[in-house]
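Biologist: Let us go through the contact labels one by one. I want each one set against its rule.

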Amino acid sequence: MHSPDLLVIGAGPAGLSAAVEAASAGLDTVVVDEGVTAGGQLVKQTHKFFGNEGFFASVRGFEIARSLLEELVDFENVEIFQESSVIGVYEDGIPVLHLPSDTTRLFRPKRVVVATGASEKFLQFENNDLPGVYGAGAVQTLMNQFGIMPGKNVLMIGSGNIGLIVSYQLVQAGVNVKAIVEIADRIGGYEVHADKVKRLGIPVLLKHTVTRALGVESVEGAEICEVDEKFSPIPSTARELVVDTVCIAVGLNPSVELIAQAGGQIRYVAELGGYVPVRDEDMRATAEGFFVAGDVSGIEEATTAMIEGRIAGLSVVRDLKGSTDENKVSRLKKELVGFRNGPISARVREGLQKLGFDVSSGESRTGNLNNPQKYRGKLRPIIECFEAIPCNPCETSCPTGAIVVGGNINDVPVIDYDKCNGCGICMTKCPGLAIFMLQELPDEDSALIGIPYEFIPLPSKGDQVHLLGRQGEMLAEGTVQRVFRSPHKTNSVYVKTPLELADKVRSIRPVLQEDNAFVCRCEELTVSDIEAAIDEGYTDFEELRRKLRISMGPCGGRTCRLNALRILSRKTGKSIEELSFGVLRPPSIPSTLGSIARQKGAEDD
């Protein structure tokens with residue numbers, strides 16, 4: 001029998017935060033978690049978090065888990081049991097099963113914080129039991145924890161933040177995301193997350209659903225179709241996609257089983273994700289001695305989970321020691337109100353009202369409030385974050401104070417371009433990758449565009465890249481001018497673009513060439529053949545033609561001319577616009593001398 005002051009069930013952001021507060025007040029604290037490492041969902045989240053610096057804004061999820069755990073292990077009065085699961089809540093104690101050894105310990109804690117998080121909702125469709133049908137959490141676990149690609153071609157179901165984030169991470173891992181399917185008539189997640197995946201060329205199909213997975217032993221495809229106003233499939237619109245993975249990201253269910261076993265009152269509140277425990281503003285459940293925090297109390301962001309966890313931990317301290325840091329509690333509750341103040345959290349506020357909370361909302365600044373065109377020629381940030389979301393790293397990272405979000409963390413940022421020095425730090429700190437840099441170049445019909453870049457390999461100066469628009473469409477080709485590496489892996493790649501495309505280019509894709517890949521199939525010339533000739537001094541297309549016979553085959557250069565010019569551009573450092581296109585000679589199609597000799601009407605000449 002073990003009788004700690006506090007038992008924390010779940011080592012996610014809420015549980016770790018509660019444990020830190022309790023341990024720092026001197027309470028004997030035990031943390032139990034099923035995972036191999038502490039951190040809950042954080043350990044597989046590679047994206048940067050929104051919010052403010054006090055709660056790890058612009059820090060990646062797995063790094064947040066590491067920071068919280070490092071803070072916790074410094075306390076000698078804390079024990080953490082990994083790969084351990086609570087069997088149930090009984091009158092004589094709480095048994096915990098250590099999964100690897102198949103042994104059990106019995107705990108009788110004075111207080112319990114239930115921070116069990118949530119489980120993924122599943123979706124009913126034909127063949128949904130085929131291997132290759134995953135929940136988004138499982139996909140993240142495979143990719144980001146164990147380095148295993150779930151498949152090569154993925155269909156994502158659901159456009160909430162989880163679906164959008166995992167789609168982006170799949171592409172980072174080299175997976176082709178065929179489409180994101182959303183049954184509603186609008187995207188469910190943040191606009192900045194949606195913009196990120198659209199720039200990668202991933203289509204988001206609204207008012208669509210999946211009707212069946214195709215395959216015998218595993219997923220080989222999926223059938224999708226449009227839905228009517230009642231969300232019923234329209235059979236005549238059905239079409240098939242060739243995929244080997246279907247990823248489901250259609251929401252979460254709070255994991256309330258343990259708090260219910262403890263006798264806590266449970267209510268169904270759709271706005272909070274389903275069945276949730278009734279609790280007060282100190283996170284105290286109706287079961288004696290039990291507190292809740294995080295997604296188990298209602299589906300929200302990790303930031304609010306950490307705040308709730310700290311409030312729960314401080315409330316336990318008050319219970320057991322007679323007092324707590326009330327100023328800190330008040331500050332945390334105020335911060336929680338601030339995070340929930342914007343339009344994004346309207347649904348959460350409705351749910352909290354059903355639980356008896358007095359919640360308030362305020363006006364939030366939205367839209368495009370900046371005027372970058374007034375400062376043409378100056379290197380400056382272009383912020384395309386027009387939605388009211390709780391986030392301010394652009395403000396807190398700006399060394400000159402040029403960017404202001406203000407007292408309401410949900411307000412969109414406003415820039416004072418007179419104060420801006422063009423450093424680009426805000427671009428690398430933005431969790432939504434919604435900031436770009438722009439400078440119109442003097443005496444040139446071109447511009448310099450700074451792109452936040454989170455893929456490998458990282459382009460180098462002089463590389464040719466495809467310039468992509470907001471929907472991932474190919475606009476032109478450009479040349480990398482400079483690259484800045486960021487310690488937080490959101491790197492800055494500056495490319496030269498035609499001036500008329502400066503307001504359209506929002507992403508890049510490297511022009512990849514393999515040394516043994518054919519450039520001219522007619523003459524069987526590879527990338528290495530052309531590069532070797534250039535190294536010998538043949539730096540003009542006509543010179544390459546005479547040296548290698550490139551573009552002299554049956555296609556007349558239709559296939560190889562532009563590809564050869566790209567290699568010339570990359571090797572010489574000149575833009576394609578500066579290079580000579582070469583001479584286009586007839587015949588434009590392969591023709592025999594006999595066809596000319598037998599010219600119709602020749603006898604009449």
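**Labels and their cut-offs**

Modeller: Tyr-168, Tyr-453 and Phe-455 form one aromatic cluster. This is a predicted model: local features need pLDDT of at least 70, side-chain atom pairs count only at pLDDT 80 or more, and totals for chains, interfaces and linings use all residues. Residues are numbered from 1 along each chain as its sequence is written, and side-chain values use heavy atoms, without hydrogens and water.

Biologist: Why is the pair of Tyr-168 and Phe-455 called edge-to-face?

Modeller: Rings of Phe, Tyr and Trp (its six-membered ring) pair if their centres lie within 6.5 Å; planes under 30 degrees apart are stacked, over 60 edge-to-face, the rest tilted. Here the centres are 5.6 Å apart and the planes at 65 degrees, so the pair is edge-to-face. By this rule there are seven aromatic pairs.

Biologist: What makes Tyr-168 buried or exposed?

Modeller: Buried means under 20% relative accessible area, exposed over 50%, partly exposed in between (1.4 Å probe, protein chains only). Tyr-168 has 5%, so Tyr-168 is buried. Phe-455, at 17%, counts as buried.

Biologist: How do you know that a charge sits over the ring of Tyr-168?

Modeller: The rule asks for NZ of Lys or CZ of Arg within 6 Å of the ring centre and within 35 degrees of the ring normal. The charged end of Lys-196 sits over this ring, 4.3 Å from its centre.

Biologist: What makes Glu-240 and Arg-212 a salt bridge?

Modeller: A salt bridge needs a side-chain nitrogen of Lys or Arg within 4 Å of a carboxyl oxygen of Asp or Glu. Glu-240 and Arg-212 meet at 3.8 Å, N to O. Glu-240 is exposed, at 53%, while Arg-212, at 26%, is partly exposed.

Biologist: Which residues does Arg-318 join in a network of salt bridges?

Modeller: Arg-318 is linked with Glu-281, Asp-282, Glu-326 and Lys-333. The bridge from Arg-318 to Asp-282 is 3.8 Å, N to O. Arg-318 lies in helix H7 and Asp-282 in a loop, so the pair ties together parts 36 residues apart in sequence. Helices (H or I, at least four residues) and strands (E, at least two) are DSSP runs, numbered from the N terminus.

Biologist: How do you know that the span of helix H7 agrees with its 20 residues?

Modeller: The expected span is 1.5 Å times one less than the number of residues. For H7 that gives 28 Å, and the end C-alpha atoms are 28 Å apart, so the two agree. H7 is mostly covered, with 17 of its 20 residues buried.
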